Amino acid sequence: ESPSSQEHSYLKLSELVAQYSAERINKGYWSPNTAAENVEAYKKLVKLLGDRPIDTYDRSDANLLLTKLQITKSKKGGTLQPSVVNKKIGMISGLFKYANRIKIYDQNSFEQMQMKVTGKAEDAWGAYEDAELKKIFDPN
């Protein structure tokens, strides 16, 4: 193991997020709006997982995150749709893929953790309530 690899293998999750986010922004992969949304989403995910060195996460953490996301309340009051859960899991998995790509950590316990998606997300949203329609069409 090279010294730089050993030195970086103990980055905390939040530090990996900061490094990854900076690269995505600097290379122009994320627009300012996307960057703001993703940084906020990563903060929430770090809070759910706990901010520990990246080499301490294993499949039990991935399973726990999946469970926590499945019971997380959506803005509409229900639980998060499987497609949203999968997006969040994919974000964390992407971080660990990045760590692998830059050779600082070679494990990814969050790979292939997606939920099965049946139907379309909009089918699960349901119809708008009268109060919601009034708010949209009559903002006064």
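How many aromatic pairs does the count come to?

## Aromatic pairs

The count comes to seven aromatic pairs, where rings of Phe, Tyr and Trp (its six-membered ring) pair if their centres lie within 6.5 Å. Planes under 30 degrees apart count as stacked, over 60 as edge-to-face and the rest as tilted. Let's look at one of them: the ring centres of Tyr20 and Tyr42 are 6.2 Å apart with planes at 85°, so this pair is edge-to-face. Tyr20 belongs to helix α2 (residues 13–26) and Tyr42 to helix α3 (residues 32–49), so the pair ties together parts that are 22 residues apart in sequence.

Tyr20 and Tyr42 are both buried (under 20% relative accessible area; exposed is over 50%, partly exposed in between, with a 1.4 Å probe and protein chains only). Ring pairs also join Tyr20, Trp30, Tyr42 and Tyr98 in a cluster.

## A charge over a ring

Arg52 sits over the face of Tyr57, 4.2 Å from the ring centre; the rule asks for NZ of Lys or CZ of Arg within 6 Å of the ring centre and within 35 degrees of the ring normal.

## Positive phi in a loop

Most residues other than glycine have a negative phi. Lys103, not a glycine, has a positive phi of about 65°, and Gln112, also not a glycine, has one of about 55°. Lys103 is in the loop between α5 (82–101) and α6 (121–125), and Gln112 lies in the loop between α5 and α6; helices are DSSP runs (H or I, at least four residues) numbered from the N terminus. Lys103 is exposed at 64% relative accessible area, and Gln112 is exposed at 72%.

## About the model

This is a predicted model, in which local features need pLDDT of at least 70, side-chain atom pairs count only at pLDDT 80 or more, and totals for chains, interfaces and linings use all residues. Residues are numbered from 1 along each chain as its sequence is written, and side-chain values use heavy atoms, leaving out hydrogens and water.

Key: Helices (H or I, at least four residues) and strands (E, at least two) are DSSP runs, numbered from the N terminus.
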